[in-house]
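Subject: Structure for you to look at

Hello,

Here is the structure I promised to pass on. Please open it and keep it beside you while you read.

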Amino acid sequence: MGLALVAGLALVTGCTAEPVPVPPRDRQVPAGGFRLVAFDSCPEALRQLKTAARAYVGPWGFGPNGDMRTFGRAEQAAAPAAAGSADAASKAAAPGYSGTNTHEAGADEPDLVKTDGKRIVTVQHGKLYVVDPATRRLTGELELAPGADQFGGAEDGLLLHGDRALVLRRDGWAGMAKSAVPGGGGRVADAPMPEGIVGPQLIMVDLSGEPKVIGEYRIDGNLVDARQVGTTVRVVVRSAPRLNFPYRERATDGQRTAANREIIDNATADDWLPRYEVTSGGRTSAGRVGCERVSRPAAYSGTSLVTVLSFDLGTTTLGAGDPVTVIADGDTVYSNGPRLYVANDQRWRVLPMLTARNIAPDPRDETTEIYQFDISGAGAPRYVAAASVPGWLINQYAMSEWDGHLRVATTSGRTWGNKPNSTSSVYVLRADGTALTQVGKVTGLGKGERIYAVRFVGGTGYVVTFRQTDPLYTVDLRDPGAPKVSGELKINGYSAYLHPAGDGRLLGVGQEASDQGRVQGTQLSLFDVSDPAKPTRIAQHHVKQGHSEAEFDPHAFLYWPAERLVVVPLTVHGTGMPSNVALTLRAGDGGFTEVGAVDHTLGTGRLEGMTTIRRSLVVDGVLWTVSAAGLKATSLSTMKTLDWLRTV
């Protein structure tokens with residue numbers, strides 16, 4: 001797990017890993033929030049960036065107190081869907097199809113498969129596939145990254161509107177033998193990689209006929225997340241100065257630090273500000289985020305920048321993205337449609353080092369900074385307000401806006417060791433000028449535990465904490481100035497994902513556990529929360545030795561309200577090879593009824609690992625399941641296979 005975390009933290013930029021430092025101990029973040037200001041000029045911006053960065057460099061380059069080579073940010077797992085009285089994805093979709101499981105209705109999220117009821121589009125391992133669900137035929141295929149396989153780089157995402165698809169490739173630079181400009185037969189034409197730019201790649205695809213690439217955008221940095229409202233897509237990118245700090249073998253630490261500061265002193269604005277390239281109509285243009293588009297908070301490190309890009313899927317070109325950049329870090333994105341929030345905390349920079357040394361985190365390092373942008377218009381986002389709250393977020397679903405208030409759930413303190421001192425809280429914030437001001441809070445949840453799942457449904461919050469048992473807290477947030485815990489349920493195990501199922505019901509997906517807190521396999525729970533003071537679990541379905549992708553990525557979860565159908569992918573480890581299926585249950589008034597299971601078995605050998613079911617969709621009474629091996633159509637009424645469209 002530690003090796004996986006370190007691997008996830010490193011982002012290679014040329015020869016430079018993305019630097020995200022730990023703030024010095026004397027850093028003070030305003031309690032109520034802070035305002036962003038623009039620089040007076042580009043030379044002044046560069047001077048201030050250098051001054052800030054010098055304090056964060058050590059003998060190894062940027063890192064915690066300069067004593068480690070680099071700390072980047074682990075990607076946040078996407079997490080539970082909709083915040084509302086019913087499933088947001090189903091409300092946003094037409095009645096005949098399910099759509100992607102998303103956090104908020106009207107704010108779509110990138111995923112590896114999308115449908116509008118007329119077509120199903122999926123992108124996996126460098127290829128895009130189009131399926132006609134009516135005829136159950138594969139109608140289009142487009143190779144975006146020649147040579148990519150199931151082990152090739154980070155997962156791609158997809159957004160869809162009409163005859164346009166936008167593919168978001170997290171590592172668009174990796175393994176790209178060809179550039180995405182229109183070529184024969186809808187394929188990508190031969191062209192060299194752009195020099196220097198290392199970061200995500202956005203590809204606009206025309207689906208009106210044989211799928212073909214009609215535009216491409218590359219930018220320095222790392223894709224954080226994106227949201228789509230109507231035809232407008234907001235893409236959040238995190239970047240770092242492109243500085244190489246060579247290790248000097250024979251030097252002292254003091255000499256290495258001095259040499260690294262000299263590298264900072266000699267840097268130019270081009271080393272800091274993200275560069276981008278736009279390809280359209282066979283022509284490529286290059287640009288760089290201008291200094292006039294960069295803002296800074298009162299306290300910043302100068303080593304990380306967050307850029308919000310805007311694209312219109314209703315046009316035929318991507319354009320330059322109309323970038324808005326803040327000198328800050330960012331790893332969590334939440335949007336309710338009119339507003340976009342970008343948050344960052346100190347967790348991934350602080351916890352690996354502190355855990356290894358069994359040191360309690362300093363409260364000043366346990367803060368989450370939140371930036372609020374107005375995205376209600378079609379133009380560039382407008383910065384509105386910012387805030388800082390104690391603790392760190394589990395994922396984007398720890399944030400939710402309701403009735404003009406932002407609710408934020410965080411965990412603070414040490415969650416590891418024999419005597420953990422962690423607790424969790426819910427803060428209520430409201431925009432007041434340029435600050436998100438705290439108007440209420442609930443603290444002291446789950447002492448010695450951490451948050452595993454959060455769901456806000458209207459004026460109620462549901463918070464799951466866990467160490468040995470699972471307290472499910474219900475939090476009354478109807479009065480923003482006086483939130484309070486209204487109920488608590490303690491059971492073994494935990495829910496990592498919570499989903500509103502209407503009529504006072506809440507679904508949970510997580511792990512069963514022993515009395516000592518040892519996990520024992522996937523469990524689905526059905527909670528009755530009609531009385532917030534007395535939440536109860538009325539049903540449980542336990543799969544021993546099971547694990548589900550829905551436990552950490554709720555895009556893998558499907559709830560179809562019309563039939564109260566729950567579909568989750570499962571990997572069950574037994575005596576032989578893992579078994580991969582999509583489990584379907586019906587959540588009735590009396591509990592769960594098992595409907596059946598779908599598998600994508602191709603036999604043993606090289607393709608076995610590609611049959612893990614990742615996603616499920618419903619289109620006109622047909623359950624579509626998606627794996628790297630293909631798409632299977634299953635009748636919802638009989639659970640019999642209708643068609644199997646292989647892509648391998």
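Below is what was found in it, topic by topic.

**The whole chain**

Please keep in mind that this is a predicted model. The protein holds 6 helices and 45 strands. Of its 648 residues, 60% are buried. Take the contacts with a separation of 6 or more: 58% of them join residues 24 or more positions apart.

**Where to be careful**

The mean pLDDT of the protein is 82. A value of 70 or more is reached by 79% of the residues. Two stretches need care. Over residues 64-94 the pLDDT stays under 50, and the model has 127 contacts beyond four places in sequence for them. Over residues 173-194 the pLDDT is below 50 too, with 54 contacts in the model beyond near neighbours in sequence.

**The disulfide**

How many disulfides does the structure hold? There is 1. Cys42 and Cys291 form it, and their sulfur atoms are 1.9 Å apart. The pair links distant parts of the chain, 249 residues apart. Cys42 is in helix α2 (residues 42-54). Cys291 is in the loop between β17 (283-288) and β18 (294-296). A disulfide is a covalent bond between the sulfur atoms of two cysteines. Is each cysteine buried or exposed? Cys42 counts as partly exposed, because its relative accessibility is 28%. Cys291 has a relative accessible area of 10%, so Cys291 is buried. The cut-off for buried is under 20%.

**An open sheet**

β18 also belongs to an open sheet of 6 strands. The order is β3-β18-β20-β19-β15-β14, and the pairing is mixed. Which strands stand at the edges? They are β3 (37-38) and β14 (222-229). Each has a single partner strand, so one side of each is left without a neighbour in the sheet. Further in, look at β15 (residues 232-239) and β19 (residues 305-312). These two pair in the antiparallel sense over 8 bridges.

**Helix α4**

Next, go to helix α4, residues 253-265. Its 13 residues should span 18 Å at 1.5 Å a residue. The end C-alpha atoms are 18 Å apart, which agrees. Which residues of α4 are buried? They are Arg256, Thr257, Ala259, Asn260 and Ile264. Seen down the axis of α4, the buried residues fall within an arc of 165 degrees, so they line one face of the helix. An α-helix has 3.6 residues a turn, so residues three or four places apart point the same way. The buried residues of α4 pack against α2, β4 (57-58), β5 (61-62) and α5 (269-272).

Now move to β39, residues 565-572. This strand is mostly covered, with 7 of its 8 residues buried.

- β37 (residues 546-547) pairs with β39 in the antiparallel sense over 2 bridges. The bridge partner of His547 in β39 is Thr571.
- β38 (residues 558-560) pairs with β39 in the antiparallel sense over 3 bridges. The bridge partner of Trp560 in β39 is Leu565.
- β40 (residues 579-588) pairs with β39 in the antiparallel sense over 8 bridges. The bridge partner of Leu570 in β40 is Val581.

β38 and β39 form a hairpin with 4 residues between the strands. In this hairpin, Arg564 takes a positive phi near 50 degrees.

Most residues other than glycine have a negative phi. Asp503 has a positive phi, near 55 degrees. Asp503 lies in the loop between β33 (494-500) and β34 (505-513). Asp503 is exposed, because its relative accessible area is 72%. Met639 has a positive phi of about 60 degrees and is not a glycine. Met639 lies in the loop between β44 (630-635) and β45 (641-646). At 18% relative accessibility, Met639 counts as buried.

Best wishes

Key:
Residues numbered from 1 in each chain as written. Predicted model: local features only at pLDDT ≥ 70, side-chain atom pairs only at ≥ 80, totals over all residues. Heavy atoms only, no water. Pairing = 2+ DSSP bridges. pLDDT = per-residue confidence, 0-100. Contact = heavy atoms within 4.5 Å. Disulfide = S-S within 2.5 Å. Buried < 20%, exposed > 50% of the residue type's maximum accessible area, 1.4 Å probe, protein only. Expected span 1.5 Å × (residues − 1). Arc of directions from axis to C-beta.
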